[in-house]
Amino acid sequence: MQIVEKAPAKINLGLDTLFEHQNGDKEWNMVMTSVDLADYVQIETLSTNKIEVATDSGFLPNDRRNLAFQAVSILKREYHINTGVRIKIKKAIPVAAGLGGGSSDAAAVLRGLNRMWELNLDLATLAKLGLQIDSDVPYCVYSQTAHVTGKGEIVTPLPKLPPMWIVLAKPKVSVSTPNILRQVDYRELNTHPNIDGLLAGIASQTPTAIFENMGNVLEPITAKRYPEITQIKQQLLTFGADAAQMSGSGPTVFGVCRKQSRAQRVYNSLKGFCREVYLVRPVNLTDR
C-alpha cells in the first residue's frame, strides 16, 4: 500500500515565549499559519519490519535523527505495529530555515500512517504524539492558521487569514534552533509581541491589525549573529511589503502584502539580492 501526504511550510506571524519549564522546554504563545510551499511525503508498507527513509536532499539524515523516522517509530511503539515502512520525501522547503520542514514531514507521516494503519486517531491525539518529536510537530499536524500555546501541543484553530500574499526569503545561512533557544535570557526579554492584538486582527479579518501586531522574540537573538536577516527585512519593507519579520528561529524572513501586484514587485526586486525567494499564499491543509 502507498499514499502521499502534503507537508506545507509554516511561518510564525507571532512568536513569544513566556518562561522556561524545569526540563528546559519553552512555554510558547504563538500564532502560526501554513503556506503553499510544501514537501511531499510518500509512505509505503514493507514486507520486513524495517523503517527506511530517503530524501532528495543531501542535507538530511536518513536514520533516527530524521524527524519522519521518529514519527514512524513512535506510532509503531505506541500501537504495537509490526509492519515495516518506507518513507520518501521530496523536498521543496529549505532545510534549517525556520519554516518547519522537518516537523511538517514528521506530521505528514503521522497523518498518513494514521490513515494507512486505520488507527482512527484524531488530530489532537496525533499532535500530542508529535510533541515527543519537536515542538512544531503538533501545529504541523493541523497545518492551518492556529494559536499555539503550552509546549507547542495546544493547537487552537483560527479563522482563515484575510487575503494576503507572502514573500519568503532565506539568506545563505542555516540556523540551529537549539542553539538559538539556549540564548534566550528571560531576564532581558522585556519586549513581547501583542499576541492578543494579532488574534483580534484575525478574528475581525483586519489586515492592518494583523500586520501591526506581528512580532518574534527570537528575531533579535538570531539577527545579532546573522545581520543579513535585518538587511533582508529592511529590503522587504523598502520594496513595499506591508510588514516583515523572521520566521521561527530563522533565518528565513517573510514580508506580507495585501495586494498580489505589490507582492510580485517585492518578489522580483528581492530576487536580485537573495537566491532563495518564494512567492506564496497562506493555506489550510483542511481545505484539500
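**Figure 1. What covers the buried residues of helix α3.** In this predicted model, the cover over the buried residues of α3 includes α1 (67–78), α2 (101–116) and α4 (137–142). Helix α3 itself runs over residues 123–130. Its buried residues are Leu126, Ala127, Leu129 and Gly130. Where do they sit around the helix axis? Seen down the axis of α3, they fall within an arc of 160°, so they line one face of the helix. An α-helix has 3.6 residues a turn, so residues three or four places apart point the same way.

**Figure 2. Asp136, in the loop between α3 and α4.** Is Asp136 buried or exposed? Asp136 is buried, because its relative accessible area is 16% and the cut-off for buried is under 20%. Which residues does Asp136 touch, leaving aside residues up to four places away in sequence? They are Lys10, Met32 and Ser103.

**Figure 3. Glu118, in the loop between α2 and α3.** Look at the backbone first. Phi of Glu118 is positive, near 50°, and Glu118 is not a glycine. Most residues other than glycine have a negative phi. Now look at the surroundings. Glu118 is exposed, with a relative accessible area of 63%.

**Figure 4. Helix α6 and its cover.** Helix α6 spans residues 195–203. Its buried residues are Ile195, Gly197, Leu198, Leu199, Gly201 and Ile202.

**Figure 5. Gln205, in the loop between α6 and α7.** Gln205 follows α6. Its phi is positive, about 55°, although Gln205 is not a glycine. How accessible is Gln205? It is partly exposed, with a relative accessible area of 36%.

**Figure 6. Pro207, in helix α7.** Pro207 counts as buried, at 19% relative accessibility. The cut-off for buried is under 20%. Pro207 touches Pro162 and Arg258, not counting residues up to four places away in sequence. Pro207 and Val256 are 49 residues apart along the chain, and their C-alpha atoms are separated by 9.7 Å.

**Figure 7. Ala241, in the loop between α9 (228–239) and β9.** Ala241 counts as buried, at 8% relative accessibility. What does Ala241 touch, beyond residues up to four places away in sequence? The list is Leu236, Gly255, Val256, Cys257 and Val266. Ala241 and Tyr226 are 15 residues apart along the chain, and 21 Å separates their C-alpha atoms.

**Figure 8. The cis peptide bond from Gly250 to Pro251.** Omega of this bond is near 5°. Most peptide bonds are trans. Where is Pro251? Pro251 lies in the loop between β9 (243–246) and β10 (253–257).

**Figure 9. Glu5, in strand β1.** Glu5 counts as buried, at 0% relative accessibility. How far is Glu5 from Arg187? They are 182 residues apart in sequence and 42 Å apart in space, C-alpha to C-alpha.

**Figure 10. The whole protein, as a setting for the close-ups.** The protein has 10 helices and 12 strands. Its radius of gyration is 18 Å, close to the 19 Å that the globule rule gives for 288 residues, so the protein is as compact as a globular protein of that length. The C-alpha trace spans about 55 × 40 × 35 Å along its principal axes. Buried residues make up 57% of the 288 residues. Consider contacts between residues at least 6 apart in sequence: 74% of them join residues at least 24 apart. Charges complete the picture. There are 32 positive and 27 negative charges, and their mean positions are 6 Å apart.

Terms used
Residues are numbered from 1 along each chain as its sequence is written. This is a predicted model: local features need pLDDT of at least 70, side-chain atom pairs count only at pLDDT 80 or more; totals for chains, interfaces and linings use all residues. Side-chain values use heavy atoms; hydrogens and water are left out. Helices (H or I, at least four residues) and strands (E, at least two) are DSSP runs, numbered from the N terminus. The radius of gyration is taken over C-alpha atoms; the globule rule is 2.2 Å times the number of residues to the power 0.38. Buried means under 20% relative accessible area, exposed over 50%, partly exposed in between (1.4 Å probe, protein chains only). Contact means heavy atoms within 4.5 Å. Lys and Arg count as positive and Asp and Glu as negative; His and the chain ends are not counted. The place of a charge is taken as NZ of Lys, CZ of Arg, CG of Asp or CD of Glu. The arc is that of the directions from the helix axis to the C-beta atoms.
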